[in-house]
Amino acid sequence: MLKLGVIGTGGITKQFIEATQENGSWKLTSVFSRSLEKAEQFGHEFSKNVRGYRDLHQFFSEGDFDVVYIASPNSLHFEQSRQAILAGKHVIVEKPACSNPSEMKVLQRLLRRYNNVYYFEAARHFHEPNFLKIKETIKQMDVIQGATLTYMKYSSKYDDFLTGNEPNVFSLNFSGGALQDLGVYLIYDAVSWFGIPNSVSYKATKLRNGIDGKGVALLNYQDFTVTLNVGKTANSYLPSEVYGLKETLVMDNAADLTDIQLINGSEKQNLTQKSAVNPMTAEVAAFTSILQKPLSLDNKQKMEDWLAVSVQVNRVIYDLRLSEKIVFRADKEFR
Ligand SMILES: NC(=O)c1ccc[n+]([C@@H]2O[C@H](COP(=O)([O-])OP(=O)(O)OC[C@H]3O[C@@H](n4cnc5c(N)ncnc54)[C@H](OP(=O)(O)O)[C@@H]3O)[C@@H](O)[C@H]2O)c1
């Protein structure tokens, strides 16, 4: 059994724990929250034996767990991951893993020293069968002429922003914004399917505090361009496409991948793979099989490969953000 500690008591933590329960190899033992009462209440929904903590140092030093799942506001991921690695806990951190490449570098250096610790960014779609099917299909296409990828969903937290408040996901202080929150999925797509772009630029629709509510990003490759449409202040119902020569790979949504078609003239091939009901099931299965055999060299290699993608995605988001002069508090802290 893998013993689990969690940070954050929001809906996404609940969904992750449900995926671990469905997996069957996990046991929730510890919950960290800013409120002890909340931590205990949240934990007891799953088991009466879960212990709550409100002191992060105590959580890591006394908590009886092997793996921590971090689902706090983005700006806190770095420091919480750093403390977890120092405490010898494996880390599953929600996307985006870090606010900028400086933070990422510190963690990479630390992971080299604590080389028995596994560190995963929870980019849920990256492990899903439909994502892998698209990757495999693109590899077989003779010509690639670019892609248009869209992920734009109106956030219920935008209602709150419009009343004058500043929810974390729309805050520069918490490393929020459309690119960080939803764009990260599309950048995972582009980096995994096409590699690292040669240059990037972002045109954002900024909100009153300078955060990006929506925007269009251009990733320039040697022979083609990939366009990303991201947003949290509007809904888009556009499908996403990858362009070959005569064939086009069409997906219903570039992050919530539930339908994939390869279209060539009047021919249509359905490539859709079966997905689990809980979108976190696939990533939990991937992390579980690695964490159950932590000494396997193959598993270490897999983690290194995934970490390399995380580092590249982090770099691309950062460069896009800087091209629009979007500066986070976390960036200033590293100067
Ligand atoms: N994979 C996915 O599908 C998915 C979906 C949604 C979100 N996410 C990711 O999950 C993470 C959390 O997102 P969320 O929407 O749940 O964020 P959130 O509501 O802003 O915060 C998450 C948790 O962090 C704690 N928290 C809130 N504000 C805080 C503050 N000012 N200082 C310290 N702790 C604070 C709260 O727990 P306590 O009150 O218990 O301390 C809260 O439950 C983000 O990184 C996001 O990108 C992923």
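I began at the interface of domain 1 and domain 2, where the rule finds 1 salt bridge. A salt bridge here is a side-chain nitrogen of Lys or Arg within 4 Å of a carboxyl oxygen of Asp or Glu. I looked up a pair: K95 forms a salt bridge with D181, and their closest N and O atoms are 3.1 Å apart.

Notes on the source: this is a predicted model, where local features need pLDDT of at least 70, side-chain atom pairs count only at pLDDT 80 or more, and totals for chains, interfaces and linings use all residues. Residues are numbered from 1 along each chain as its sequence is written, and side-chain values use heavy atoms, with hydrogens and water left out.

Next I checked the division of the chain. Domain 1 covers 2-119, and domain 2 covers 126-279 + 316-332. These bounds come from an automatic or database domain assignment. The C-alpha centres of the two domains lie 26 Å apart. Domain 1 puts 13 residues into the contact and domain 2 puts in 16 residues (contact means heavy atoms within 4.5 Å).

Then I looked up the buried area. The two domains bury about 1100 Å² between them, with 52% of it on carbon and sulfur atoms. Buried area is the accessible area (1.4 Å probe) that two parts lose on being put together, summed over both.

Last, I asked which helix gives the most to the side of domain 1 that touches domain 2. The answer is α1, with 4 residues. Helices are DSSP runs (H or I, at least four residues), numbered from the N terminus.

Definitions and conventions. Helix = DSSP H or I, 4+ residues; strand = E, 2+ residues; numbered from the N terminus.
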